[in-house]
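Trainee: Please put the model up and take me through it.

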Amino acid sequence: METTTLIEQLPEVTAAGVAIKAILILAIISAVAGFGTYLERKVLAFMQRRLGPTHVGPYGLLQIAADGIKLFTKEDIVPQHANALIFKVAPVITAATAFIALAGVPVFPDFTIPEFIPVLGGTFVPSIASDVNVGILFVIGMMAAGLYGPLLAGMAQANKWGIIGAARTAIQFLSYEVVTGLSLLAPIMLVGSLSLIDFNEAQSGGFTSWFIWQQPVAFVLFLIAGFAETNRTPFDLLEHEAEVISGYATEYSGMRWGMFFIGEYANMITISILAAVVFLGGYNDFGFIAGWIMILFKVAFFFFLMLWVRAAWPHVRPDQLMWLCWKVLMPIAVINVVVTGIVMMV
Amino acid sequence: MGLEQFKNRNVGTQEYKVLDLQESPKTPMAKFAQVAKRTFKGELFVGLGVTVREMINALFRGQMHTVKYPLEKLPISPRYRAIHEMLRLLESGHYRCIGCGLCEKICISNCITMETRYDENQRKEVSEYTINFGRCIFCGYCAEVCPELAIVHGPRYETASEQRASFSLFEDMLTPIDKLSLQQEYDGFGAVSPNADENIKKTPLAY
């Protein structure tokens, strides 16, 4: 097959390359997550005709640094009756799984470190940290495992708002995960592979070969489920302030809370990359625009879409979420899979 | 935002839209029809359109709502009743107060204290004048009763201070003599209305 020859042309992936890639992902995505908070505040402010952060640094850009300093130096409180161990572990689960999920998706273009740099010179850094052949399954599974973070956090903190948040985590998790899997099943059937690289290759034929044209229903379903997966606004039941204070994050302060936050933003980036790679042609070149710029555009669009939706739409009740996922989205997803199968057979 | 828009309290003549709330569907089929209709009508995208329109308005059409308060301030109504000011006569620069004591008399919270004496020209001179701003309720009666428009309510509404006395002495409220040219004529409480000339009638002396 053509794809295998393409992959074989690339230099050998060494352990050093993977380690460098992992550090890159960790550093850059953490920074981008911080920058994401700034973007979110700015975009939401503009959409409400406010200014957003303006005073710290030019255009308020150093607000991220100010927030970071605040988070790091804040007192770290463990409530008296909380289960201290689980309370401390829970934010690590959220942040860690978010970054582990990023190991399976192609994040930046691959490159080779120039020879003149000592020690690491000539090391090939792959675009995907770990090109497992079940990539998409791994990413989705890892993000699902990340929901243990809010669940355990809510139950460990001896706070009724936390308990409600944890309960909502459970129902949300049970509801959308089915839709995510089923909506991705149809494109997986079309490609016949779980590797994200294969998805990318399958859409290399230009604009018309994007899966969004063949699978518009699956795209919409995946997007809705993705919003639920990342706790974004129409489905931010877990920590909706007006109802449950901060839900699972009520008792958290300082860096532990910050880890939940970084995990959430990393998840947003992961979902954006997944949607771009699976449905919108991934990192293929688009006319004269290089592929890595295209995927940046696409990820930025999905990130902006999440902020946009947050500014525009109210959020749903938990029962409405379950109603939507089980009674509407899941049947549509199943029908979509069946129709795709029939079309492929005929 | 201009002063005109700010002062428009005439809510009765503005445009209101009455929502057309239909009755909730009863039968399962009607419920399904409503869901399908709402799903495919694209109402959600109308919401997205509104937010992005507001963003464009704010960023490119100068309709940002934020007032950077300490740096820029909204215009206040001329009838706003903030900390009092004592005005001067524009010609001579002498303070306008004639020491009649009407403000002290009418003050319903008893916060104005004044002492007067005759000076060498047998003219009333104000020797002591204080307003206790811990008691003042900013009702505006003093400005309304003043026959000379001497005590008025100024626009100074930022009255946080370490001491109440910072505002309340006669010298503090009096227009500084070097800023006499900047003294604004007061058109608020108790001032002569713009159409005062039309309202003047001859005193009926015939009875």
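Mentor: Two strands are said to pair if DSSP finds at least two bridges between them, and helices (H or I, at least four residues) and strands (E, at least two) are DSSP runs numbered from the N terminus. This is a predicted model, in which local features need pLDDT of at least 70 and side-chain atom pairs count only at pLDDT 80 or more, while totals for chains, interfaces and linings use all residues. Residues are numbered from 1 along each chain as its sequence is written, with chains lettered from A and ligands numbered from 1 in the order in which they are written.

Trainee: Which residue stands opposite Tyr118(B) in S3(B)?

Mentor: S2(B), residues 112-118, pairs with S3(B), residues 124-131, in the antiparallel sense over seven bridges. The two strands form a hairpin with five residues between them. Opposite Tyr118(B) stands Lys124(B).

Trainee: Is Gln122(B) buried or exposed?

Mentor: Gln122(B) lies in the loop between S2 and S3 of chain B and has a positive phi of about 55 degrees although it is not a glycine. A residue is buried if 20 or more other C-beta atoms, placed from the backbone, lie within 10 Å of its own, exposed if 12 or fewer, and partly exposed in between. Because Gln122(B) has 6 other C-beta atoms within 10 Å, it is exposed.

Trainee: In which loop is the place of Tyr59(A)?

Mentor: Tyr59(A) is not a glycine, yet its phi is positive, at about 55 degrees. It counts as partly exposed because it has 14 C-beta neighbours inside 10 Å. Its place is in the loop between H2 and helix H3 (63-73) of chain A.

Trainee: Which helix gives the most to the side of chain A that touches chain B?

Mentor: Two residues are in contact if their C-beta atoms, placed from the backbone, lie within 7 Å. The contact takes nine residues from chain A and 15 residues from chain B. On the chain A side, H2 (15-47) and H13 (291-312) each supply at least two residues. With three residues, the one that gives the most is H13(A).

Trainee: Which residues is Ala312(A) in contact with, leaving aside its neighbours within four places in sequence?

Mentor: Ala312(A) is found in helix H13 of chain A. It counts as buried because it has 20 C-beta neighbours inside 10 Å. Apart from neighbours within four places in sequence, its contacts are Gly47(B), Leu48(B), Val50(B) and Thr51(B).

Trainee: How far apart are the C-alpha centres of domain 1 and domain 2 of chain B?

Mentor: The bounds come from an automatic or database domain assignment, which gives domain 1 (23-65) and domain 2 (84-192) in chain B. The distance between their C-alpha centres is 56 Å.
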